[in-house]
Amino acid sequence: MQKIHKRDLKGLQTRLSNKRDRLIKVIQRHLQECNDAGGYRLPDVIDTASIASTEQLGILVAAAEIRELREIDAALARIESGRYGTCRYCGGTIHKDRLKALPYATLCLKCKEQQEEEFELDSRMRGREDQWATDSGSYKAGDEETEGKKRSRAGNIEVGEHSHN
């Protein structure tokens, strides 16, 4: 596995720092736009809904940018501590090409692929459980009483007292 050289590490650190500075400015602009948009409301219901949707989208974009900023800050901290380029799952070295493509990567390619496979499998299983529960009448999607119930260790769905058995 190719470990990243100090020269490349310095370049990635500069790239991360520059990206961080740009993101901070973008986040500040998005939040200011959301704040400014909240100062007026048009009486038309459709216009009001459109403004609310635009504000929500702006907040979602800002949240994604804040997450990326946190990932960049964490990468910069790993560079300072000497842990940059080490996979947080297996402890192996993250290939330098991966780090150049995604400088705040925390997983080697093998572990990232495994994580994505597990997520996909979990999503499919959750979908099947929800479909089974909906079909059997023991669970109604969107029902706040049952929506938050946790799955037991055996993989069954616990049913709340307001379920329809």
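Q: Why is the contact between glutamate 68 and lysine 19 called a salt bridge?
A: A salt bridge needs a side-chain nitrogen of Lys or Arg within 4 Å of a carboxyl oxygen of Asp or Glu. In this predicted model, the N to O distance for glutamate 68 and lysine 19 is 3.5 Å, so the pair meets the rule. Side chains of opposite charge can pair when their charged atoms come close.

Q: What parts does the pair of glutamate 68 and lysine 19 tie together?
A: Glutamate 68 lies in helix α2 (residues 45-81) and lysine 19 in helix α1 (residues 6-37), so the pair links parts that are 49 residues apart in sequence. Helices here are DSSP runs of H or I with at least four residues, strands are runs of E with at least two, and both are numbered from the N terminus.

Q: How do you know whether glutamate 68 is buried or exposed?
A: Buried means under 20% relative accessible area, exposed means over 50%, and partly exposed is in between (1.4 Å probe, protein chains only). Glutamate 68 has 17%, so it counts as buried.

Q: What makes lysine 19 count as buried, exposed or partly exposed?
A: Lysine 19 has a relative accessibility of 31%, so it falls in the partly exposed class.

Q: Which residues does glutamate 68 touch, not counting residues up to four places away in sequence?
A: They are Lys19, Leu23 and Tyr104. Contact means that heavy atoms lie within 4.5 Å.

A word on the model comes next.

Q: How do you know which residues and atoms are used?
A: Residues are numbered from 1 along each chain as its sequence is written, and side-chain values use heavy atoms, with hydrogens and water left out. As the model is predicted, local features need pLDDT of at least 70 and side-chain atom pairs count only at pLDDT 80 or more, while totals for chains, interfaces and linings use all residues.

Q: What makes arginine 126 and aspartate 122 a salt bridge?
A: Here the closest N and O atoms are 2.2 Å apart, so this pair passes too. Arginine 126, at 32%, is partly exposed, and aspartate 122 is partly exposed at 38%.

Q: How many salt bridges are there by this rule?
A: The count comes to 5.

Q: Why does arginine 98 have no salt bridge?
A: The nearest side chain of opposite charge, glutamate 116, is 6.8 Å away. Lys and Arg count as positive and Asp and Glu as negative, while His and the chain ends are not counted. Arginine 98 is buried and lies in helix α3 (residues 96-101). Leaving aside neighbours within four places in sequence, arginine 98 is in contact with Ala105, Leu107, Cys108, Leu109 and Lys112.

Q: How do you know that glutamate 116 is partly exposed?
A: Its relative accessibility is 45%, so glutamate 116 sits in the in-between class. Glutamate 116 is found in helix α4 (residues 109-136).

Q: How many helices and strands does the protein have?
A: There are 5 helices and 0 strands, following the pattern α-α-α-α-α along the sequence.
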